Amino acid sequence: MLVRTIATLGGLAGAAVLYAGTASAQSLDCTDFTTDAFAIEGLVIDTTEHVEPDEEAPIAHCRIVGQIDQRQGIDGMSYAIGFELRLPDDWNGNFVHQFNGGNDGAIVPALGELPGSLTALSQGYAVVSSNAGHMGDAHPDAGLAGGARFGFDPEARSDYGYSAVAKLNPVATAMVETYYGDDIAHTYGVGRSNGGRHAMVAAARMPEAFDGLLVGFPGFNLPKAAIQHAWDVQAFKSVSDDIRTAFSQADLDLVANAVLSACDGLDGLEDGIIADTDACQVTFDIDTLQCAEGQNAQCLSPIQLEALRTIHAGPTNSAGEQLYAEWAWDRGIASPNWRFWKLESTVPPWDNMPIIAVMGSASLAQIFSTPPVEVDGSPEALETFLLEYDFDTDSEAIYATTEDFPESAMDFMTPPGADDPELAAFRDAGGKMIVYHGVSDPVFSVLDTTDWYDALNANNGGNADDFVKFYRVPGMGHGHGGTATDSFDAFSALTAWVEDDAEPGPLVASATPDNALVPELAGVTRKLCAYPAVPRYTGGDEASHESFICE
């Protein structure tokens, strides 16, 4: 595995691994873990400590914080790929590369968070995490735009997009094998949101580096999805000068209840879960909610209906060309998650504006546009950028290049071949991937991921499920929680597939404990069927997944 992962660097500038074999059993003590212990060019170890079991990590382990690839960018800022590596005392022989989300820019604890309550570290995996090549707090004077200012350096962009993983992975695996004096048995990559994108990029760019990849609600078309932010804000602005008031909670509850009424029984049981997503898109008609003449309650105005239709149709230019995907109607439109992302947050420094209007705006301007557009970091300025966004001209910036920025946003962010995927090299190397995505995700469209999987399946002769399984989670938004049975163990299914050749079947899902949004689902289990199958109720115990079949 080590020789294989080092080969994936493919000439990228950065840390050169001069590692030449493993030592005898655990040749290094945690306190011996210093820069000089490794023949790795550019490696600097800043912190080493032995950590006793605690609430965060209930397993004794060695924690190492370091950096590689130190340099100065064309923007005059200092950059490095900072990382944290955690090595359990009781190692299971395997390794997890934890891909993080958002704009990265912070060294998130290397715990290997998984769907459910467990972490990879607590199960004995060595885990690495990184900042993807930049620090998000490097521009404190830039306000809310500071976390995206690294977009003014082209190498920082490419590190964020793909090369930080390619540079760090062989370094981390070399350190693990040196520490334990043994080869890594299996390597895994896990990530959600932007981290899910990292995993999909790794499958395309580093097809032999990972035996298994767990991909959660991936933003694999992130520059395109960022255009949706401007589309949403302009649609909401047509309803109200204050986008936070374009739809009240009662308005969204009305929509969610209407979707439930139309679609809940399509799987054979009315239980608050819309399991047949595709049939629901055909069955549900938002126009049934239009206010009749003289009606002003329990209905939506024509302009509100038009805004929701516009948002769900996805952005287009004046020629009618689709700039991103369509979106699924689902119950989760009334969840706090949907509102927080699209309409209104609970963050006073953001002026309670939604994430898309602050963080999303800064990313679209400074990371995904070429050349980058500097924006002021105030909520007002960030909203204005989205309101003035031109879908004919500005949208072309995600494909543009310049002499200083030779890679477009679509080049460095999306997996190569994502528009016509085959993943032949990953498939032929024996790699396995599990992808899961919430149907109510307000950030990345589950229908975009569905289109990707349909194309992957077609390009693999209808046999993509031999190496990639895709699960859609009804009601789940961007992350776990929401109006869904959203707690399930996809990682164990992945490791059993990789290590025991046990092909995954339906995943058993339950609601996150104490989920106040769906008290009716407490104690209920449901099947998540691998797409395109849908769970159908066959009779019997309505609370049990065993009363459903996938067909």
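Student: What makes both faces of strand 6 count as covered?

Tutor: On one side Asn94, Val96 and Gln98 are buried, and on the other Phe95, His97 and Phe99 are buried as well, where buried means under 20% relative accessible area, exposed means over 50%, and partly exposed lies in between, with a 1.4 Å probe and protein chains only. Six of the six residues of this strand, 94–99, are therefore under that 20% limit. The structure is a predicted model, in which local features need pLDDT of at least 70 and side-chain atom pairs count only at pLDDT 80 or more, while totals for chains, interfaces and linings use all residues. Residues are numbered from 1 along each chain as its sequence is written, and side-chain values use heavy atoms, with hydrogens and water left out.

Student: How do you know that strand 6 pairs with strand 8 and with strand 7?

Tutor: Strands (E, at least two residues) and helices (H or I, at least four) are DSSP runs numbered from the N terminus, and two strands pair if DSSP finds at least two bridges between them. Six bridges join strand 6 to strand 8 (residues 186–192), and the two run parallel; four join strand 6 to strand 7 (residues 126–130), also parallel, so both pairs meet the requirement of at least two. Valine 96 has tyrosine 188 as its bridge partner in strand 8, whereas histidine 97 stands opposite valine 128 in strand 7.

Student: Which residues make the most contacts inside the largest nonpolar core, and why is it called a core?

Tutor: The term is used because its members are buried Ala, Val, Leu, Ile, Met, Phe, Trp, Tyr and Cys residues joined through side-chain atoms within 4.5 Å. Apart from it lies another core of 30 residues, including Phe210 and Val446.

Student: How does the reach of helix 13 compare with its expected span?

Tutor: The expected span is 1.5 Å times one less than the number of residues. Helix 13 (residues 446–459) has 14 residues and reaches 20 Å from its first C-alpha to its last, close to the 20 Å expected. Among its buried residues are Trp452 and Leu456, and the buried residues of this helix pack against helix 3 (194–205), strand 10 (432–438) and strand 11 (468–473). Just after helix 13, glycine 461 takes a positive phi of about 60°.

Terms used
Contact means heavy atoms within 4.5 Å.
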